[in-house]
Amino acid sequence: MVAGTLFVDVIEVEKLKRKSAFKTIKAPYCTIVIPGTANKYKSKAAPYHGMKTLWNEKTTFPVDDGTTPKLTVEVYDKDGSKEVNLGSTTLDFSNLAKQEKSLEAWFPITRGGKKDQKSRVRMTLRFEPTQSQVGEKKVEPTPEVEVASAPKIVERALTATGLVMNEAESALEDEEKAALKIQALFRGRSIRKKLNTATVSDVLMSESATNADEDEEPPAPKGFFSRLCRAGICA
């Protein structure tokens, strides 16, 4: 049984009977006690009218860890100087301690070990555990949430900016490398084109020179024209 407080509202009682049919009920009252404890409550003696007595009284009982979760209610009739026992009922409130709910109901009254089908008492019971045990039972640890301070926010922002700058620089380097490759490619093509053009020209010039040399007649030997003239052939 957990420690806490039991709240009891004793509301009314009805259809009570005396052992003798010739005796009428005058002013019923009740006592409430948790067995094994010294705490005891006694209601006022109220007039019995229309087979009913209204009490509408409230009381509380402290409950320790070792307390037996039972509540005994005994009903008496105050007849002058006499107090006549009209019966009792015992309630088990262990479920209230577990569920932490209030219960309002009619509870039958027994007399001499026998349950009277008509005599009954209406009560409301409510149990509240101590605050320390409420905290141990209900309160769950709140997950820790990291709250970034201003320096951390600035540091994260700078880090993110640095990453962006690094990516931008890397992209520029890649673009410059690509441009250099393209320039080298076009430059190589131009050089090859020039080499090819120069080779063709050289070949053509060499062939032209060779052909020209082949078309020219060999020079006449020295003294040849003079001899022709002497022979009368020269015009």
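Student: Is Met-51 buried, partly exposed or exposed?

Tutor: Let's start with the cut-offs: buried means under 20% relative accessible area, exposed over 50%, and partly exposed in between (1.4 Å probe, protein chains only). Met-51 has a relative accessible area of 48%, so this residue is partly exposed.

Student: Before we go on, what kind of model is this?

Tutor: Residues are numbered from 1 along each chain as its sequence is written, and side-chain values use heavy atoms, with hydrogens and water left out. Local features need pLDDT of at least 70, side-chain atom pairs count only at pLDDT 80 or more, and totals for chains, interfaces and linings use all residues, as this model is predicted.

Student: Which loop holds Lys-15?

Tutor: Lys-15 is not a glycine either, yet it has a positive phi of about 55°. With 37% relative accessibility, Lys-15 counts as partly exposed. Its loop is the one between S1 and S2.

Student: How many salt bridges does the structure hold?

Tutor: Side chains of opposite charge can pair when their charged atoms come close. A salt bridge is a side-chain nitrogen of Lys or Arg within 4 Å of a carboxyl oxygen of Asp or Glu. One of them joins Arg-126 and Glu-128, with the closest N and O atoms 2.3 Å apart. The structure's count is eight.

Student: How many residues apart are Arg-120 and Glu-14?

Tutor: Their side chains meet in a salt bridge, at 2.6 Å from N to O. This pair links distant parts of the chain, with Arg-120 in strand S8 (residues 114-129) and Glu-14 in strand S1 (residues 4-14). The separation is 106 residues.

Student: Are Asp-77 and Arg-18 buried or exposed?

Tutor: Asp-77 forms a salt bridge with Arg-18, and the closest N and O atoms are 3.1 Å apart. Asp-77 is in strand S5 (residues 70-79), while Arg-18 is in the loop between S1 and strand S2 (28-33), 59 residues apart. Both Asp-77 and Arg-18 are buried.

Terms used. Helices (H or I, at least four residues) and strands (E, at least two) are DSSP runs, numbered from the N terminus.
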